[in-house]
Amino acid sequence: MSMRKPIDVFNEWAENGKDLGMESGHAAAVGEMLEFSLKERVEIGKQFSFLDLGCGNGWATRKVYCEPLCNRAVGVDGANNMVVNARSRSSGEHYIQADVAVHDPGERFDLIHSMEFVYYLTHPREFMQTAVNSWLNEGGRIIFGLDFYFENTESHTWPKKLNIPMLMLKEIEWVNLFKEAGLNDVISWRANKTSDWAGTLVITGQIRSL
């Protein structure tokens with residue numbers, strides 16, 4: 001049986017309400033990611049723009065848009081039903097339905113965030129290079145979270161269970177990919193780690209201001 005496209009699966013999840021379960025399941029890890037990156041924005045003390053790649057129903061995009069210093073928040077997702085759900089709950093943020101792998105936002109952002117998206121890409125290295133070169137402002141930060149990675153052995157069966165292609169890399173390979181794209185001060189950690197869960201792998205780096 002041929003593998004399904006991730007967008008088709010997520011369209012179904014959005015239609016049957018599973019997107020709300022994704023929101024609650026990822027809330028703790030994304031909370032750590034946003035606490036880290038938004039603290040930096042507060043310390044900088046300037047208004048900032050936010051891009052959420054693979055935004056799902058927009059819950060993280062909405063959360064960031066509520067921050068006093070956020071003057072623009074954009075969520076992009078390939079699944080039309082996810083974007084429909086996001087727009088129905090919008091409070092001023094903007095949503096785009098597009099294939100994130102080839103989408104050109106036509107603008108730059110100060111903070112680019114993504115949860116559970118990057119391993120669906122066929123060519124993540126080229127994608128990261130484009131994001132750094134064309135989407136990120138000077139002084140900006142990229143922060144990605146992913147649960148599917150080599151050190152998280154529990155995740156190894158997911159492609160077969162879901163019947164969708166997923167790219168398995170080790171933590172050091174993701175870190176090196178960020179560095180090779182031209183990001184500085186690249187770090188990683190495991191968010192929401194417990195005794196029976198390896199945690200969400202978080203990788204982040206920035207473009208230093210001149």
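Analyst: In this predicted model, the side chains of Asp19 and Asn85 are joined by a polar contact of 3.3 Å. Asp19 has another polar contact, at 3.0 Å, with the side chain of Asn57. Is Asp19 buried or exposed? Its relative accessibility is 3%, under the 20% cut-off, so Asp19 counts as buried. Beyond the residues up to four places away in sequence, Asp19 touches Trp13, Ala14, Asn57, Met82, Asn85 and Arg89.

Two of those names, Trp13 and Ala14, lead us to helix H1 (residues 6–15), where both are buried. Also buried in H1 are Pro6, Val9, Phe10 and Asn11. What covers the buried residues of H1? The cover includes H2, along with helix H4 (80–88) and helix H6 (158–162). Just after H1 comes Gly17, with a positive phi of about 90°.

In soluble globular proteins, nonpolar side chains tend to be buried together. The largest nonpolar core here has 46 residues, and Ile142 and Trp174 have the most contacts inside it. H1 is among the elements that give two or more residues to this core, and the others are strands E1 (48–53), E2 (70–77), E4 (109–115), E5 (136–146) and E7 (200–206), together with helices H5 (124–135) and H7 (171–180). Helix H5 gives the most, with 5 residues.

Trp174 deserves a look of its own. Setting aside neighbours within four places in sequence, Trp174 is in contact with Val118, Tyr119, Pro124, Leu146, Tyr149, Leu167, Leu169, Leu201 and Ile203. There is also a second, separate core of 18 residues, and Leu38, Ala60, Met115 and Val202 are included in it.

Val202 is placed in strand E7. With a relative accessibility of 0%, Val202 counts as buried. Apart from neighbours within four places in sequence, the contacts of Val202 are Met33, Ile143, Phe144, Gly145, Ile187, Ser188, Trp189 and Ala191. As for Leu167, one of the residues in contact with Trp174, its C-alpha lies 16 Å from that of Val202, and the two residues are 35 apart in sequence.

How values were computed. Residues numbered from 1 in each chain as written. Predicted model: local features only at pLDDT ≥ 70, side-chain atom pairs only at ≥ 80, totals over all residues. Heavy atoms only, no water. Buried < 20%, exposed > 50% of the residue type's maximum accessible area, 1.4 Å probe, protein only. Polar contact = N/O pair within 3.5 Å; in protein donor to acceptor, adjacent residues only side chain to side chain. Contact = heavy atoms within 4.5 Å. Helix = DSSP H or I, 4+ residues; strand = E, 2+ residues; numbered from the N terminus. Core = buried A, V, L, I, M, F, W, Y, C linked by side-chain atoms within 4.5 Å.
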